[in-house]
Amino acid sequence: MLQIASFTKFYGEQLALESVGFSVQAGEILGLIGPNGAGKTTLLEAIAGLLPVDSGEIRFHDQPLPAHRRREVIFYLPDGVRPYADQTAEQALTFFAGVYRRSADEVSEIVSTVGLRPVLAKRIHSLSKGYNRRLIIALGFLTRHPILLMDEPFDGFDLRQSRDMMGVLRRVASGGRTLLLSIHQLRDAEQVCDRFALLADGRIRGVGTLEELRGRANRPSGNLEDVFLALT
Amino acid sequence: MPLPETSWARSAPVWPLFVKELREITGGRALWTLLLIACPLVGYSFFQAMSLYGEASAAAANSPVLAASLSPLDGILVPTFGSFYVAVTLLFPFVAIRVLGEEKQSGALRLLVQLPYRTVTLVGVKLAAVFFAWLLCAIPVLSSILAWWIVGGHLSSAETLTLFLGHLLYGLLIGAVALFAASLTENSATAAIVTLAFTIGSWVLDFTIAGRPGWLEWFAHLSLTQVIRTFEQGLLSVGLIAGVAVAICGFAALAAIWLPPGVAIGRKLVRSALCVSAAAAVLLPVSQFKTSIDVTEDRRNSFAVADANQLAKLAEPLTIAVHLAAEDPRYIDLQRNVLAKLERAMPHVSIRVATARQTFASSAGDEAYGEIEYRYGARSDTTRSTSPSEILPLIYGLANVSPPAPIPSAEYPGYPLVTDGAFVLLWFLAVLPILVVLAWWRSRRLPSNSRTFLKEVIMNSGTRALLIAAVAVVLLLLPAIAAPVFKVDLSGETAGAEPKALVPVVGIWRIETEAGKPVLAVDGRQWKEGQSSAGIADKARALYGERYAEFLDRVQAYAYYPYVVAKDVDDFKNGEISVRFEGLSGRIDQGAGILFNLKPNGDYLTIRANCLENNLVLWKFEKGKRSSVEWVRNTPTSSRQWHDLKVRIAGNKVEGYLDGKLYLQHTLPTPVSGKIGLWSKADSYMHFDDFAATVSE
């Protein structure tokens, strides 16, 4: 469905991404796995067309997808964003619902799904980190893009909340949307992702299901953490 | 395979985006702080302007010449808008920057640019929000116009709207610059510094090097302050408006270029260079576009009509070489009184300041200094005069044409007004700031829990309250601007004295009281036919200025019917004139009439009711001779009762109403045009009240 090929990005002299390439299948959850500083956020922003790259190409259904057209297909939910801080969560949702012509029922369902209802009337600057994360995810669900990129979607959640949100993401993926998640918590990634792209020092070290990566890393019973350490 | 169905991306509604921008701009402190600062700033300027205008008006009470120099544009509007200009220059950038700066700082910009809008749409909507914010910020200055109108001050719709347009364009320009700065920089503080460097730098530029010779003068023209100055002079310059519009669009386009984070810097620089080049390519021809409309009532930017017509016919180029330093007061006089008007009147005028590099101080010893050479065709002449009365005949001489015969036109009467402005301070220092604080407080209130989701009110209640206030101010102002109203207020008049608001020409007119309320009385009981009012010569001069003599002759020759004239209504052509009257006594007559179409030669028309005859008559007076035009009988008009009399005029159509009922309709051979007043007859002893006129365009 989506092929990323030879993405290279320099920040001045520093190489941030080196010929990164992988593909994403329709309806799957692909985990972009890597430690802090591996280049996950840079890669997601480059895929979304929000960061110019020095070289590389994206194809969508085998058609070139130039940067200025990415927003027709891909929506990126950045990490560390607290948008429209002086407005209420309800107002932010209303804004996105208006833009994407979502009905009241659709919005209500999304609000229930992500568990935002208790804080709808609160200003965004007063939301906890977890509720702010739910709000960002809800905004993403209100869009109509077939591919959602999420940067650290479980950051700010406790164990139970993370489990709940994983279930939500699985339901969304089973509904036909493709999710590309950047996750540094390998245990979370192992539970929610169908496939993984392992990124370290700006380079892809392996792409595949956990079974495929185990085989490549020669760790038949290893978990994702073992596999990642073996391959990077 | 094509991209998935993305029709939603092409037809995303703009309204939610606009509402979001409004919430952003009203959610911050900057807007409310500006409003709170603007209230006393504008209010005190307005109060001071009213005080000074009142003092000048008091001094002009017995001097028509001094009164004619009193223009509300110069005396009230420009100083009041001037303080608003200061607030906009210093504080409005902080309001405008917020619509983009907050999103950049919070990271929300990365969400915004992914929404299904073109970047131009995003910037356009933000600029629309800035326009809305400017309108809210303009509430203090709009309320000052309303206050001026309420106290009976004169407002010229053309002058007021032109000045308003100038400040609106200036505000939008500041907003566009602020948007560009916010798109260029990483945070709001830096954007504010960039914008203030632009606005204050431009301000400093204006008062430090304006009037200097050479390239400094050209450089001073780039100052943003220059944008407003032309509008303050009452000039609607097509070239200037187009130029500012291009500049606004240019800065907005630059903001759109620098907004998207996914574009390489090099590409943005190239696009910016193209944008600046395109704007310059448009600005260059636009700046050559000299057409402008003089919207001032006193035609201060134009020669007399006859001269303007004659000059427009001079097809050959007129070249003027000025041997004066730019800062020389004579040059400033010449520029204002002659050169600027010539450029507007003649098709081909070129002006060369021959001593452009010379300063006033360095001109000593130059014998040619002070000379102005005029060359038309092959002929030339030199003068040192800066007065149009000497220069125009010189130009006619060079062109070999006769000076034109003057075309009679109404003199600018001036609009003196003495009023107590204390209530204004109460409004601007207490009431309006409290309203602003209340609106701010309401805007900070969280939405009610009782509301259901997606039934949220489009805008927060504070914005709505202020918006309603703004709309109310505009609605109240509209009739003031669009339909000038003349109304005689007798509350400040002295019983027993002649009315101040009206000029008695024939008969005995004085203020009396009825049920404790001042009314206007005409008392024919002691009046002798043929007797004009006391001090008629001065009154005639007050009404018709230098052309009073003919009017005075006619009045003195044919003073058969008492009448008063409204001095503040110069030329009534279309609209309604109304008055209430009561017949008290009179054995020959108890007549009450509305006088209109009063000409400088003393001719006029009147529609009058009569309590003794129960009829309504349209009379015509020419050379003192009265003749009936239309006569309607059986119009019940009892004595000792108040009645409503109204005349409606539309061109040459006249309608007469008594007590709200249309009785009389007539079509005159020529359209109505002239002063208005009240009329009576013989021994009538009548009371009048609520004399008012509404002008319709």
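These legends describe close-up views of a predicted model. Local features need pLDDT of at least 70 and side-chain atom pairs count only at pLDDT 80 or more, while totals for chains, interfaces and linings use all residues. Residues are numbered from 1 along each chain as its sequence is written, and chains are lettered from A and ligands numbered from 1 in the order in which they are written.

**View 1. The open sheet of chain A.** Six strands of chain A line up as β6-β7-β8-β3-β9-β10, with mixed pairing. Strands (E, at least two residues) and helices (H or I, at least four) are DSSP runs, numbered from the N terminus. Two strands pair if DSSP finds at least two bridges between them. β6 (74-77) and β10 (203-208) of chain A are the edge strands; each has a single partner, so one side of each lacks a neighbour in the sheet. From one strand to the next, the twist averages 15°.

**View 2. β7 beside β8 in chain A.** Strand β7 (residues 147-151) of chain A runs parallel to strand β8 (residues 178-183) of chain A. Five bridges join them. Ile147(A) stands opposite Thr178(A) in β8(A).

**View 3. Two packed helices of chain B.** Helix α3 (residues 29-59) and helix α7 (residues 119-137) of chain B pack at about 30°, their axes 9 Å apart. Axes are lines fitted to C-alpha atoms, for helices over the stretch in contact; angles run from 0 to 180 degrees between N-to-C directions. α3(B) and α7(B) are therefore roughly parallel (an angle under 35 degrees). Leu31(B), Leu34(B), Leu35(B) and Ala38(B) of α3(B) meet Ala133(B), Leu136(B) and Cys137(B) of α7(B); contact requires C-beta atoms, placed from the backbone, within 7 Å.

Key. Angles under 35 degrees count as roughly parallel, over 145 as roughly antiparallel, 65 to 115 as roughly perpendicular and the rest as oblique. Two residues are in contact if their C-beta atoms, placed from the backbone, lie within 7 Å.
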